[in-house]
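Here's a quick tour of one model, written for someone who likes to know the cut-offs. Have the viewer open as you read.

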Amino acid sequence: ATVCSLDEGDEATLLLRAMDAIQHESPDLIVFGDNADGASRSCQECGEGHDRTSLDLSGGQLPLLQAVLDTASTIENTTGRVVPVVVVLLHGRPVTFNGGVTKFPGNSSNAVLHHPALTALIAAWRPGPLGGRALWHLITGQEQFSGKLTQPWPRNAGQVRGAACPWFQLPLREGGLGDKYAFQEPQTALFPFSAGIIPGTRFLFSKLRLFSREETRLEQQNNVDSGMTSMTTNSSGVIDVSVTVSNEGVSGGSALVALYYSPPIVPLVMRYARWLVTFTRIYVAPGGVAQVSLEISVQRDLSRYDSKLNKEVVDSGMYELHVGDCCVTGVHPGTDAHCRDSVQVSAALWIV
């Protein structure tokens, strides 16, 4: 709670009261976030004209969250009763948790996210008047989660417009600047684009195949060394992409099937390391298998604007295609820890 929203005491007093209330009984569900509808303009924390210098939870929310998780761990250690803690965020911007600053002894940046008592983190954003009912249906299993992040979350405010947020990824390619960003932070995002867990599912993507609609220009082969399917076409080609999606989990879910590409490196041309071409969703039952088809128009989807020629051009070279439900930030699939719960697949498209 913030001092502007309550009349009883200051933040320190309110934090002490809240921490005292949870010493003997940790809540299973706790809500944090920011305020977009303050009773007065000074109370509003998010919205137009209400920028912040930090993306951390405001007020005393971070130490309160730490206290809740520590209490849950204490209860489990002393009684053997597991107290799962689910954190719901009601917010209007990406949230960090002690990003870039060590407030708790022994904790690194955002370390609270790795607390053993934290069972789930739900980003609800502004869910509207029916949001409470929707969240209850999701948490109790009446409905299945399926949401994915539409933007990467930075690790701290200093990482905004950095190597991972939003999409200036050139330093991540071919070694680049290494794995460290400013303030000894990894340069990867806290949560990458399209991150989001569907409980009980484990989607595997396999058998990626490329088919040209102009068969005379098709030169498809399987590279034995890399295990990667490759194809050669020209800049006016249309490619059909086929992929198999299976679910090795215990629950059914809506699989995100997204097609990305990494363009060839062209001297003096700065391009993002990974681009989204298209995506679809398909429900896959536990133990089920589905076949999904996607399309690439080379001229439409792989071109870039050349300011000198004043037109769209398609660079020749190898375009690495990547299909999965998680966007890795580097060139090579599987290098991002957030993609470890699913198996992605890649192919190479050569344009001449």
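What follows covers the ground rules, the salt bridges, the nonpolar cores and a sheet with its helix.

## Ground rules

This is a predicted model, so to speak of local features takes a pLDDT of at least 70, side-chain atom pairs count only at pLDDT 80 or more, and totals for chains, interfaces and linings use all residues. Numbering starts from 1 along each chain as its sequence is written, and side-chain values use heavy atoms, with hydrogens and water left out.

## Salt bridges

Searching the whole structure turns up 6 salt bridges. The term covers a side-chain nitrogen of Lys or Arg within 4 Å of a carboxyl oxygen of Asp or Glu. As background, side chains of opposite charge can pair when their charged atoms come close.

Take D34 and R126: they form a salt bridge, with the closest N and O atoms 2.5 Å apart. D34 sits in the loop between β1 (29-33) and α2 (61-79), and R126 in the loop between β3 (118-123) and α3 (131-139), so this pair ties together parts 92 residues apart in sequence. (Helices are DSSP runs of H or I with at least four residues, strands are runs of E with at least two, and both are numbered from the N terminus.) D34 counts as buried at 17% relative accessibility, while R126, at 39%, is partly exposed. Here buried means under 20% relative accessible area, exposed over 50%, and partly exposed in between, with a 1.4 Å probe and protein chains only. Q44 is in the loop between β1 and α2 as well; Q44 and D34 are 10 residues apart in sequence and 8.2 Å apart in space, C-alpha to C-alpha. Q44 is partly exposed, at 22%.

Another pair is R202 with E248, whose closest N and O atoms are 3.2 Å apart. R202 lies in the loop between α3 and β4 (203-212) and E248 in the loop between β7 (238-247) and β8 (253-262), so they link parts 46 residues apart in sequence. R202 is partly exposed at 31%, and E248 is exposed at 55%. Then there's D301 with R300, at 2.9 Å between the closest N and O atoms. Salt bridges that share partners join E295, R300 and D301 into one network.

## Nonpolar cores

The largest nonpolar core has 30 residues, of which V241, V243, V245 and V323 touch the most other members. Such a core is a set of buried Ala, Val, Leu, Ile, Met, Phe, Trp, Tyr and Cys residues joined through side-chain atoms within 4.5 Å. Strands that each supply at least two residues of this core include β4, β7, β9 (275-284) and β13 (317-324).

Leaving aside neighbours within four places in sequence, the contacts of V243 (heavy atoms within 4.5 Å) include F205, L208, V257, V292 and V323. A second, separate core of 27 residues includes L62, A67, L89 and V95.

## The parallel sheet

Three strands form an open sheet in the order β1-β2-β3, with parallel pairing. Strands count as paired if DSSP finds at least two bridges between them. The edge strands are β1 and β3, each pairing on one side only, and the twist averages 20 degrees from one strand to the next.

Strand β2 (residues 85-90) is joined to β3 by 5 bridges; V88 has I122 as its bridge partner in β3. Helix α2 lies across β1, β2 and β3, running at about 165 degrees to β1. Axes are lines fitted to C-alpha atoms, for helices over the stretch in contact, and angles run from 0 to 180 degrees between N-to-C directions.
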